[in-house]
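Trainee: Please take a close look at one part of this model. I would like to go through its salt bridges.

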Amino acid sequence: MDIWLIGLVFAAILSGWLLGRWQQIKKGRVKTDSDLFSERYASGLNYLLAEDSDNAIQIFTDLVKVNSDTIEIHFALGNLFRSKGEVERAIKVHQNLLARPNLTRKQRHTAIAELASDYLKAGLLDRAEKLYREMIELKANPDKAYRHLLDLYIAQKSWEQAVECAQKLFQMGEPEAAVVYGQCLCEIAVEAMDSGNHSYARKSLDRALQIDPDSVRAMLLLIQLHLKTSDNAAAKRLFIRLARQHPEYLALYIEPARQIYQQDRGHLYQEFLEEQYRLHPSTRIAMALLEYYARNDEIEKAREFLSQILSQSPSFEAFEFALRFLKSDPEQLVETWDSLSAFLKAMQDNKIEYVCSRCGYDSHSIQWLCPSCRNWASMKPVNP
């Protein structure tokens with residue numbers, strides 16, 4: 001159960017109980033009804049802490065009937081209904097709260113926020129959006145409202161509205177807002193490029209890089225835009241900068257590199273791949289290099305490099321290429337099959353077949369005493 005909900009109920013109980021007892025002490029006597037009310041309230045909290053929400057709901061519902069003026073109980077009850085998936089009942093509770101004329105400003109703002117959450121969970125997105133907009137107008141936790149609206153617009157792929165919300169959060173100093181803001185601008189740029197609106201795409205990408213100068217996605221999209229508009233020199237400059245700043249995303253650079261370097265004379269694309277494989281060896285770079293050798297009839301280079309790959313860092317991709325590439329060479333094909341058989345056996349030996357139901361420890365073989373959590377007979381087959 002959410003910790004904020006437990007905290008809300010606990011605070012309501014504590015404040016209500018203290019207020020009741022103080023009033024009783026001032027009057028010099030203890031009211032039996034108040035005692036019963038406090039005991040039932042505490043009992044409801046105990047059920048809530050024990051994650052027995054059904055009994056907690058029953059008690060809080062009874063308390064609302066006894067004392068309809070206790071606002072905190074209504075909030076706790078509405079949130080319990082929502083957490084149990086009884087959204088219609090949660091909506092009714094929060095709507096009834098909002099209809100009260102005696103709510104404080106803070107209570108009214110809380111009721112609006114809770115009702116918006118109810119609508120969101122019910123899938124009534126238009127109603128939720130309207131209430132979040134109302135929260136912004138009322139200056140009732142506008143940062144929270146903008147965050148919810150941002151999530152809503154992202155889910156709907158309404159990128160212009162999402163940018164508006166991300167911009168507001170960015171201006172408020174919200175952590176991580178710059179990244180989300182930049183990514184939403186990238187989404188707008190993608191739509192603009194797909195529709196042929198290159199100027200709007202460029203404007204969006206420039207803005208994204210202003211907000212998040214390290215955005216790999218924005219730079220890749222800008223490279224793509226330069227290539228679409230035949231500005232190969234600008235694409236190449238940005239590509240060199242990107243590859244230098246973020247080599248960890250090298251697998252994403254292969255296709256842009258091919259488009260950029262193959263427009264030049266010579267073997268710049270080959271040199272790029274060979275250099276990157278030397279600095280940052282990976283299966284993706286290896287496969288791109290093998291395909292380049294084969295496509296350009298550098299058969300001996302392809303054979304030598306393939307042999308190196310299969311012996312040093314075998315992969316399914318490398319074996320698939322080998323079976324295609326060596327199909328006309330029966331002798332080497334037999335060697336490849338032997339290597340493939342050994343590779344598949346090693347994969348089988350490392351296959352996860354048992355997982356501990358207590359801690360998640362995994363193993364290829366059964367361990368009756370889990371080495372991680374030390375529980376007996378807790379290892380279960382992954383595919384019984």
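Mentor: Here is a walk through the salt bridges, starting with one arginine and its partners.

This is a predicted model, so local features need pLDDT of at least 70, side-chain atom pairs count only at pLDDT 80 or more, and totals for chains, interfaces and linings use all residues. Residues are numbered from 1 along each chain as its sequence is written, and side-chain values use heavy atoms, with hydrogens and water left out.

A salt bridge here is a side-chain nitrogen of Lys or Arg within 4 Å of a carboxyl oxygen of Asp or Glu. That rule gives 10 salt bridges.

Take Arg147. Its salt bridge with Asp143 has the closest N and O atoms 3.9 Å apart. Both residues sit in helix 8 (residues 142-156), four residues apart, about one turn of the helix. Helices are DSSP runs (H or I, at least four residues), numbered from the N terminus.

Arg147 also forms a salt bridge with Glu174, at 3.0 Å, N to O. This pair links distant parts of the chain, 27 residues apart: Arg147 is in helix 8, and Glu174 is in the loop between helix 9 (159-171) and helix 10 (177-194).

Now accessibility. Buried means under 20% relative accessible area, exposed over 50%, and partly exposed in between (1.4 Å probe, protein chains only). Arg147 is partly exposed at 32%. Asp143 is partly exposed at 29%. Glu174 is partly exposed at 23%.

Elsewhere, Arg278 and Glu275 form a salt bridge with closest N and O atoms 2.9 Å apart. Both lie in helix 15 (residues 268-279), three residues apart. Arg278 is exposed at 56%, whereas Glu275 is partly exposed at 33%.

Key. Helices (H or I, at least four residues) and strands (E, at least two) are DSSP runs, numbered from the N terminus.
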